[in-house]
Structure formats: C-alpha cells, structure tokens
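Please keep the sequence and the structure in view while reading.

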Amino acid sequence: MTDEVSEVRLQALDSVRTRLSVVWVSGAFLILLLVAVQTLNGRYGDHVQEAWTWLLPNLMPTLGTILAGVVSTAMDPHRSRSVVRSYFYLLALGISVFYLALVLLTILIAPTGAGVTAKGAVEEMHTANLWLGPVQGLVATVLGVLFASKQKRDADKPGGETGQPEE
Amino acid sequence: MVAERLALAAAIAMLLSGCESRKAVENRPASASRSAASAPAQASKPAQESVSPREPSIVYEREKPSMSTAKAVTAAPSPPPPPPVSSRPDEWTTASRAPAGSGGPPAPIPAFEWPPPKASEEYVLPRSVFGDGSRAQVFSDIDGILIAALNAGGYTARSYYSVPNGFALATRIEQINEDGTPKTPPARFAIEPEPVSILRPMDYLKALLKGVPGYYRVIVFILTDNPFQASGERPTEAQATEWVSSGVNVLPRAIGDLPFTRDVNCTALVYEFTRKPGADPDATQFDTPGRLDAMTHLVKSGIWRGFGSH
C-alpha cells in the first residue's frame, strides 16, 4: 500500500504482526527445542537449572507480548485499518532477527571454546547477558508498539473490509 | 730399703705392661695371623694387606687419655643393614638393597604406595623387551630402555619412587582420545577438555548436543623382584596427577646398580579416568576395569614402539 502524496510505503498492521509473530515463534521454538535436546542428552550436567534460568527470561517475555497481541485479535472479525511504515516494519524485523541470532549464537558457539564443558557453557551464557539485555530492551520497545498499541477497526466503515460478506 | 722397694715396684709394672702386649698379640684375628704368615709368599699384594709377624693388622686407639686401652677396629667397614621400606608415599626412605661397598649413604627417594593403588589394567612386560639376556644388566640399563620408550611416546615428564627391591617410574597424567591415542598438544597434558572445531562437523554436532567426554591416563612402571598385587585403594585423579611431581627426577645410583636378575619383572600399571560430558573438569571417575586393555594403551601411546626400536 502506498500513500500517493508522500510516497511513504505503508503496510497493514495485521500483515506486519503476522510476519513478525512467525519469525519470533519459529525462532524461539527452534532455540527451545535445541536446549531441550541438549538437556535430555546431559549436555548441561549438573547445571541444567542455570541454563534454563538464562534461556527463559531471554525469550518468554517478548514471546508473550507477541502472542498476547495475536490472541487479542484472534476472535475479532474486523480487519485493522492501521498501517505501519515499511521502514519501521523492517527495523522491527531486523532487531528481532538480530536478537534471536544472538541467543542462538550463544548456544552454538559454546563447544568451540570454554563452553565445551557444562560449567563453561553456563558461564558463557551469563556473560552473554551483557549484550542480550540491552538488545532485548530495544526489541521490547519496538514490538510493544506493534503488538500492544490500539488499532483502528474497520467496523465503522459502511460495507467496509470485514470478514463478513456484504448483504 | 725404701728405694729398693720402689725399684721393685717399677720393675713389676714394666713386667705387667709387657705381658699385656704379648696377650694382645696372641689374641689377634686369625686372618691377620694368616696374612702375617703368608706375607712373605704374597709380596705382590698391596701394602695394606702384607703384615709382618711383629706388626699386627689391627689398629689400636686410645679410648681414654688416662688409660691405654687397646680397641680393635677392623680395617674394612661392614655393610649397613638394609633400611625398612615405608608403605606411605609421603615418606622418604633410603634406597633399598644398597649394594655392599657402594660407598656413601644411599640417596633419599620417596616410596611409592605399597601395594600399589588398584590399577585399571596391568601388564607384565616380557623380558625380551629389555634385551636378549646375553649380557648382565642392572636397573639403570632397564631405566635407560624405559626412558627411551617414554621419549618415543612423548612422555618427557616422569618421576621415580622406591618400591621393595626396585623402583617405580610414573608418567604424567594425559588426556587421550576414545581409542587410546593421546590428544595433540597442548590438550594432551591439560585437564580441561579440548574445544571442538566447526571444521569437524560430526564432532561439533556431538559436542553441541551431548557434550565432550574426557578420558585420562597415567602409566606407572614398577621394576621389582617382589610379586605383588595392585590391591591398594583406588586413586583419584588428583592423586594420580601428583605422582609425576612428588618423586625424584632421576634414578638414584644405589638403585640403578641393582642387578636385573631373572626374578625381576617390569609391570606396567595403567590408571584410567573418565569424565562424563556434562561433568565439571574436576569430576572424574576411576575406571576399573579400564575401557582399553594395557597392551592397547602401550601401543596407542607410542611406548611400545619405543621398546621395539631399542
């Protein structure tokens, strides 16, 4: 969708939310699955609690915000009229991918260094909080705007863009 | 009258001193008398052994200044009695079975725990490893062969201990692969497991999903004529790590001069430790029995090849 006056590229909020939630859910679930397999194989030995204590706060808050926004509109038959600038969408997408990559990288790079042992891996996780914390704050700011803000509904528009056919 | 009595007393005193000297001559050892008798026939012997009948072969020395007392001292000192062998590894003992006439006190050397700690595997090396037996050998000869074999396997750090009628030679604890081959340095002699490279995808995946197990080994060679059973307590990795630094650096001569008789055997005791993938670096378990047999350890370590090149 394009505003012909200002030539600012815009995208429907619903479309932006859908794409960002797909990125976040798939990325977070991939990371959770990896750590679950490691835990079952004894990768973290006696440090399992510490590993999950690091992982869950790094994923669940943002995931919860996203899913809350999706759930709130799940039963709403009306399409949102809100739009989002493409630039902002790309910014949110980039920060989300960057953050998920940092979390995944912390786990993937552990065997190549001091994290080859369980104790070393957990220590590296704690060290990674130095940069994960600030980036997570940026992610929360951006996604909070997209998933938690009020949206315009199309219910007021006569014969508007709803899911129900015109009578 | 008085002067006559004094003169008589002096004469009696002189007479008595003369009788004591005659008695000392008569009571001298038979060897001295034999050497005195054969002195004219053995003129080529060293001067200290030739004795004239009038010169005794024993030495007199005064015990007290006020009295002239004859105290016989034999010319050759008797060999010292063998010292007791301690079973505690932290006690220093003198070298066992110091050969007679070696001269000087035996060098101190710590004693290896006896009986030795329970080993994962053990192997009595065949005598053919140390030569064909055509010439008489001593312990230092065997030590040289062991050193050459250890050098061939890259075991430059080692330590000596005493055991009953022999010695123990301990190597440094090393990290090995699953098949018994040593890891490449610097990981070989490190306790921390070696990081995995991404360029080895299968190893990397295993390390990522399961972690990296640690395998460690210490080899102790024991040379003695005493049959023994390694039935001591199971050692910990920390104790095995100390073996290479708690002994002496070279084999004392007193032990090295001991003859390598047919009763002497060289036994290789292999101590294996395993650390599970998720365990901390200092949480290892002693393997008994070992994952690999002793001969495999000797072959994979490169020590057996060193014996072959001897």
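In this predicted model, strand S7 (residues 214-224) of chain B and strand S8 (residues 265-275) of chain B run antiparallel and are joined by 11 bridges. Strands are DSSP runs of E with at least two residues, helices are runs of H or I with at least four residues, and both are numbered from the N terminus. Two strands pair if DSSP finds at least two bridges between them. Within this pairing, Ile219(B) has Val270(B) of S8(B) as its bridge partner.

The pairings are listed below, each with one pair of facing residues.

| Strands | Sense | Bridges | One bridge pair |
|---|---|---|---|
| S7(B) and S8(B) | antiparallel | 11 bridges | Ile219(B) and Val270(B) |
| S5(B) and S7(B) | antiparallel | five bridges | Gly166(B) and Thr224(B) |

Is S7(B) buried or exposed? A residue is buried if 20 or more other C-beta atoms lie within 10 Å of its own, exposed if 12 or fewer do, and partly exposed in between, with C-beta atoms placed from the backbone. In S7(B), 11 of the 11 residues are buried, so the strand is largely enclosed by the rest of the structure. In a regular strand the side chains alternate between the two faces of the sheet. Both faces of S7(B) are covered: the buried residues on one side include Tyr216(B) and Val218(B), and those on the other include Arg217(B) and Phe221(B).

Several loops of chain B show particular backbone features. Trp114(B) and Pro115(B) are joined by a cis peptide bond with an omega of about -5°, and Pro115(B) belongs to the loop between strand S2 (108-110) and strand S3 (121-125) of chain B. Another cis peptide bond, with omega of about 0°, links Pro185(B) and Pro186(B); Pro186(B) is in the loop between strand S6 (174-176) and helix H4 (201-209) of chain B. Asn165(B) is not a glycine, yet its phi is positive, at about 60°. This residue sits in the loop between strand S4 (158-163) and strand S5 (166-171) of chain B. Asn165(B) counts as partly exposed because it has 19 C-beta neighbours inside 10 Å.

Chain A has four helices and two strands, arranged along the sequence as β-α-α-β-α-α. Of its 167 residues, 29% are buried. Two residues are in contact if their C-beta atoms, placed from the backbone, lie within 7 Å. Among contacts in chain A between residues at least 6 apart in sequence, 82% join residues at least 24 apart.

Helix H1 (residues 13-40) and helix H4 (residues 118-148) of chain A pack at an angle of about 130°, with axes 10 Å apart. Therefore H1(A) is oblique to H4(A); angles under 35 degrees count as roughly parallel, over 145 as roughly antiparallel, 65 to 115 as roughly perpendicular and the rest as oblique. Val16(A), Arg17(A) and Leu20(A) of H1(A) make the contact with Leu143(A), Leu146(A) and Phe147(A) of H4(A).

Between the chains, 17 residues of chain B are in contact with 16 residues of chain A.

Local features in this predicted model need pLDDT of at least 70, side-chain atom pairs count only at pLDDT 80 or more, and totals for chains, interfaces and linings use all residues. Residues are numbered from 1 along each chain as its sequence is written, while chains are lettered from A and ligands numbered from 1 in the order in which they are written.

Key:
Axes fitted to C-alpha atoms, helices over the stretch in contact; angles between N-to-C directions.
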